[in-house]
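Subject: Structure for your review

Dear colleague,

Please find below the sequence and structure that I am handing over to you. My findings follow directly after them.

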Amino acid sequence: MNNFDFYNPVNIVFGKQTIAKLAQLIPTNAKVMLLYGGGSIKHNGVYDQVIAALKGFSYVEFGGIEPNPRYETMMKALELAKKENVTFLLPVGGGSVIDGTKFLAAAMFVPEGTDPWGILQGTIPVTKALPIGTVLTLPATGTEMNGNSVVSRNSTNEKLAFGSQFVMPQFSILDPVTCFSLPDKQIANGIVDAYIHVMEQYLTIPNNTPLQDRWAESILTTLVEVAPQIMKHKNNYDAMATFMWSATMALNGIISRGCIEDWSTHIIGHELTALYGIDHGRTLAIVLPGNMNIRRKVKGDKIIQYGERVWNITQGTDDEKINKTIEKTVEFFESLGVPTTLAPYNIGADVCKTVSQRLTSRGLTKFGEAGDITPEVVEAILKDRL
Ligand code: NZQ
Ligand code: ZN
């Protein structure tokens, strides 16, 4: 196991009717900025609950944050937040609203005249941010309990990420009832995203992390178990609660402490979103099977362990077990209506070179847990999914 630090200050408030607790969680003298997306919260009653809880607080609103939040939109939010002297940020929505808000929180302290995009390029270190409290309405990203943010820039077709403990939410309210209004597609995307977060931290190289492995496997097994229940009955509170908590636990830093991590499926997946607008979770379902297949030498031991413990695959040669495990993983994603190849998106062989060149141009020529992913390997992974 590698050495590690672990610090996670996020206060999770979980369960039915918890949005009302906002009134106790936000500092009383705060000037609040309520941020949201394209309007889902106005249709499912969440907005009304938030407004009721904000009674007596001074607040401004900023709506219209799009899926894959845009830098351009968040710069408008920045202007408003500065003009209104906002002191507390309250994003209400999915990962996009929360991630966009994290960027805004850090951008507030970038000196005038400097472009905050540098935060995402890694040229501006984050040393301070406005406090954030979130109300999550879509289980998937884990952003409610981590310090990560992913923002896209329209003008350059870039999708970049940054991470900082300064943008970790102070609290996150998770009421599974708010998720009953999610379209099937978003639920399926969320299940796949959470599943692959676990895989990025678990399906790597053995490193004497038996406890972390069991945690990871328990999240995977739980997601496999609960997925068909939610897909059948969205209003099943217990199933939704299990899914929501699983997604949070999948990316709050606990399961990866001391582990060797990968994240190459995300790195390649983000390019597919930037280029073709494919939903985040869907890009991962395409890339992961190719990643497992092409990098079976690096990941072999862990794929066999995962196959045995999550899918009960115990028979055959190592290669046969690996093939069967990839098949089972693909079947699971497809059972949720999430495609695992590029063909349904009408994307042809050009994608292989295009993505490898874009990553190369950003200096990403050796990545993955073993530093073995060269441009040729990126191409092979995508070719596997044509
Ligand atoms: O915008 P509104 O109208 O709210 O609608 C949203 C949006 O259209 C809708 N939605 C959310 N909650 C709903 C709902 N519709 C009905 N009922 C509800 N309760 O769902 C749509 C998608 O929302 P979005 O926030 O984009 O989805 P998600 O939570 O999957 O977030 C995706 C973003 O997170 C990033 C992704 O790259 C992508 O930009 N990620 C962030 C991570 C992190 N911060 O740690 C890690 C992830 O790997 C990921 O990269
Ligand atoms: Zn993800």
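At what angle do helix H11 and helix H15 pack, and how far apart are their axes? Please bear in mind that the model is predicted. Helix H11, covering residues 280-294, packs with helix H15, covering residues 375-383, at an angle of about 120 degrees. Their axes lie 8 Å apart. Angles of 65 to 115 degrees would count as roughly perpendicular and those over 145 as roughly antiparallel; H11 and H15 are therefore oblique to each other. The crossing of the two helices is right-handed.

On the H11 side, the contact is made by Val287, Gly290, Asn291 and Ile294. H15 contributes Val377, Ala380 and Ile381.

Six strands make up an open sheet with parallel pairing, and their order is E1-E8-E5-E4-E2-E3. Strand E1 (11-14) and strand E3 (58-62) are the edge strands, each of which pairs on one side only. From one strand to the next, the twist averages 20 degrees.

With kind regards

Notes:
Residues numbered from 1 in each chain as written. Chains lettered and ligands numbered in written order. Predicted model: local features only at pLDDT ≥ 70, side-chain atom pairs only at ≥ 80, totals over all residues. Heavy atoms only, no water. Axes fitted to C-alpha atoms, helices over the stretch in contact; angles between N-to-C directions. Helix = DSSP H or I, 4+ residues; strand = E, 2+ residues; numbered from the N terminus. Parallel < 35°, antiparallel > 145°, perpendicular 65-115°, else oblique. Left-handed = near helix turned anticlockwise from the far one by under 90°. Contact = heavy atoms within 4.5 Å. Pairing = 2+ DSSP bridges.
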